[in-house]
Amino acid sequence: MKKCLKMLLAAAMLSTGLAAPSLHAADDPNPAAYAAALKGKRVLLVPMAMGFDLAQGWSAILKREVDAFGGVFETRDPNWSVEAGAQAITEAISSETKPDVLIVMSPDLNSYSKLMKKAQAEGIYVVLVDNPANFKADAYVGGDWTQLGRLEAEAVVKGCGPNSSKKIGLVQGDQVNATSLYQYAGIMEVLEKKYPDFKVVAKPDSNWDATTSRNVTTTMLQQTPDICGIIDFWDGDATGAAAAIREAGKQDSVFLVTTGGGEKTADCDKIADGTYGAVVMTELAQETHNMVAIIKYLLQSGQKPGTASPLIYTLMKATTKENLRPDSCWDLKALQADAEGK
Amino acid sequence: MDTKKGFDLFILNQERIVLAITAVIFVVASFGLPGFLTPDNLVAVVRSVSVLGILALGMAVVIIGRGIDLSAVAVMAMSVAWYLQMLNAGWSEAGALALVLSGVILIGLVNGFLVAYAEVPAIFVTLASASFVFGYVRSQIITADAVPVPNGHWLQSLGAVQFLDVPVEVFIFATFALIVFLFLRFTKWGRYVYFAGDNPVAARNAGMPVRPMLVLRYTISAILSFIAGLLTAASLHSMNTRVVNSTLFYDIVLVAVIGGIGLSGGKGGVRNVLIGAALTGILLNTMTIIDIPLIYQNLIKSTILLAAIIIDGVLNPRDEQTAQQGDI
């Protein structure tokens with residue numbers, strides 16, 4: 001018995017001895033390569049402003065991820081000023097500590113195109129988020145705004161119902177921003193092709209301002225009292241349209257659809273209390289993790305900036321009271337507390 | 001203006017031209033636009049300019065005294081954002097209100113002090129204080145652009161209050177218009193505003209307390225801005241501080257100047273603000289009904305402002321005295 005055991009032990013030792021090279025191979029070389037590619041790399045986020053839910057959500061998750069791979073994460077806050085944003089990008093390109101990846105939320109199609117090209121020429125990867133631009137970025141991560149418009153149109157048609165007046169009002173953002181123009185195109189496409197009996201009775205601009213949204217919606221509701229649904233192009237100003245509907249006492253007869261980043265107080269709480277009928281939401285966490293994956297890929301790819309420009313569209317869906325779940329939204333306060341705790 | 005009483009019934013001044021334009025638009029819209037001449041729509045017109053009107057009342061008091069307050073919008077947005085932030089953080093109503101109100105008065109006092117005693121031009125003082133107020137509150141106090149009104153707060157109920165189907169904002173605007181009218185017309189310091197605006201040196205030589213009055217005007221402007229901010233929050237159930245970057249300030253000046261309050265000071269009154277507000281309200285309402293895109297709306301608005309300023313320049317030429325002292 002003892003002999004048997006000894007032999008077994010010897011066999012085992014022998015096999016371990018034989019297996020030794022493969023054990024050394026199990027000392028995975030990949031993390032070292034990963035660390036070499038990513039450690040100390042600088043990621044700079046330049047959104048349109050830091051003071052709104054999307055930017056704060058992105059930056060909280062990005063900071064956590066970039067810190068985790070030993071990189072340096074920074075943000076700049078242009079506070080809705082196109083010039084300040086341009087300056088931030090220019091300064092980043094020419095600074096000693098150049099970023100390796102520049103994440104830009106472009107205010108419109110063209111303003112930053114030249115600057116971003118310059119950044120690529122300096123060897124900086126440029127990732128566009130949320131707002132498309134006329135520029136061959138190393139990736140676009142964000143919404144397909146035409147699709148978003150289509151989803152909004154479907155939501156408002158469903159909210160109105162087949163027996164309604166079939167009259168819809170739009171509160172657009174402006175006439176220059178891609179997010180507003182593409183959204184409009186998507187809405188009109190669905191209404192014209194699928195629901196020709198639904199009519200858009202008015203389509204004023206809010207200029208993304210809640211007070212303006214309130215005033216134009218008030219006028220709209222007075223001009224067409226039997227409107228059954230309104231699409232406001234952003235939850236940042238849809239509070240104004242909601243106020244107008246509330247003040248006209250039409251909460252039950254007008255279905256308000258808007259879009260947003262899916263932050264709890266901005267979207268889900270307002271779906272729950274009936275302010276919004278439906279919100280087409282971007283899955284912010286998913287979107288940010290897409291950015292993280294792209295950053296990690298680009299930094300290891302060894303490719304020259306500007307080589308490819310993939311589109312990484314974020315999944316969007318219309319959330320209503322019916323499909324609202326406790327985890328439909330993300331909580332900015334919790335995310336920030338989390339980031340500060342670490 | 002008031003010195004030419006009696007014979008000027010047919011003389012065209014800016015106020016009357018604007019009043020005539022307003023009347024023409026009103027009549028044309030009444031016939032041409034279905035749904036314009038309804039009680040509901042007219043109430044909505046007045047209401048849409050209530051907040052703007054209150055801000056313009058404060059601006060009018062400052063401009064008549066030959067000044068300008070660029071900090072009005074920043075004070076309006078940031079004071080209320082600060083107030084709401086404190087409420088959301090669990091402050092007591094009285095504590096938050098008292099603190100914010102003293103902050104607002106302090107900004108008014110500092111503005112007035114720097115203009116009156118340090119003799120820095122109003123345009124620089126208030127430009128700086130606007131940036132300071134926005135920057136400080138935005139970076140140190142609030143965490144996001146928009147601060148919501150806490151659920152169940154009185155501001156939420158205030159937004160829904162109506163008397164005789166007319167929203168409370170309209171009455172509040174009317175009340176403040178009356179108060180400012182009474183102040184400017186019937187109080188000693190109110191009358192002094194005109195003298196000081198027309199000729200500060202002469203007013204001072206005549207023994208008027210020109211400097212303390214200046215401080216008072218900027219304080220009035222700051223307090224009216226805070227009230228306008230509260231009304232905005234009452235209606236929208238939140239305060240979005242992005243409004244500081246908007247064209248609201250120019251709209252305020254538009255309302256005041258288009259109604260006939262000269263930027264060189266000493267002229268105009270509450271009536272001019274009301275006329276300016278009426279034109280702005282009717283113009284915006286009709287343009288929205290016709291569905292004119294916003295960029296054209298801005299173009300139309302700015303063209304009318306430019307025309308009003310040119311007319312003002314022609315009808316109220318700069319005299320030697322203004323040219324020497326300069327206006328704002």
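Chain A is divided into domain 1 (32-143 + 284-315) and domain 2 (145-282), with the bounds coming from an automatic or database domain assignment. The model is predicted, and accordingly local features need pLDDT of at least 70 and side-chain atom pairs count only at pLDDT 80 or more, whereas totals for chains, interfaces and linings use all residues. Residues are numbered from 1 along each chain as its sequence is written, and chains are lettered from A and ligands numbered from 1 in the order in which they are written.

The centres of domain 1 and domain 2 of chain A, taken over C-alpha atoms, are separated by 31 Å. To the contact between them, domain 1 of chain A contributes 12 residues and domain 2 of chain A contributes 12 residues, two residues being in contact if their C-beta atoms, placed from the backbone, lie within 7 Å. On the side of domain 1 of chain A that touches domain 2 of chain A, the elements giving two or more residues are α3 (53-68) and α11 (284-301) of chain A, where helices (H or I, at least four residues) and strands (E, at least two) are DSSP runs numbered from the N terminus. The most is given by α3(A), with 3 residues. By class, this side of domain 1 of chain A has 5 nonpolar, 4 polar and 3 charged residues; Ala, Val, Leu, Ile, Met, Phe, Trp, Tyr, Cys and Pro count as nonpolar, Asp, Glu, Lys and Arg as charged, and the others, Gly among them, as polar.

Chain A as a whole has 12 helices and 12 strands, and its C-alpha trace spans about 95 × 60 × 40 Å along the principal axes. The radius of gyration of chain A is 25 Å, whereas a compact globule of 342 residues would have one near 20 Å; this radius is taken over C-alpha atoms, and the globule rule is 2.2 Å times the number of residues to the power 0.38. In chain B, the secondary structure comes to 15 helices and 4 strands. The radius of gyration of chain B is 20 Å, close to the 20 Å that the globule rule gives for 328 residues, so chain B is as compact as a globular protein of that length.

The contact between the chains takes 29 residues from chain B and 28 residues from chain A. At least two residues each of the side of chain B that touches chain A are supplied by α2 (39-48), α11, β4 (238-240), α13 (270-290) and α14 (294-315) of chain B, and the residues of that side divide into 11 nonpolar, 13 polar and 5 charged.

Within chain B, helix α3 (residues 50-64) and helix α11 (residues 210-236) pack at an angle of about 175 degrees, with their axes 8 Å apart; axes are lines fitted to C-alpha atoms, for helices over the stretch in contact, and angles run from 0 to 180 degrees between N-to-C directions. That angle makes α3(B) roughly antiparallel to α11(B), a term applied to angles over 145 degrees. By class, the contact of α3(B) with α11(B) has 13 nonpolar, 5 polar and 1 charged residues.

Helix α13 of chain B includes Val273(B), which counts as buried because it has 32 C-beta neighbours inside 10 Å, the cut-off for a buried residue being 20 or more other C-beta atoms within 10 Å of its own, with C-beta atoms placed from the backbone. Not counting residues up to four places away in sequence, Val273(B) touches Gly53(B), Ala56(B), Leu57(B), Ala60(B), Val255(B), Ala256(B) and Gly259(B).

Conventions
Angles under 35 degrees count as roughly parallel, over 145 as roughly antiparallel, 65 to 115 as roughly perpendicular and the rest as oblique. A residue is buried if 20 or more other C-beta atoms lie within 10 Å of its own, exposed if 12 or fewer, and partly exposed in between; C-beta atoms are placed from the backbone.
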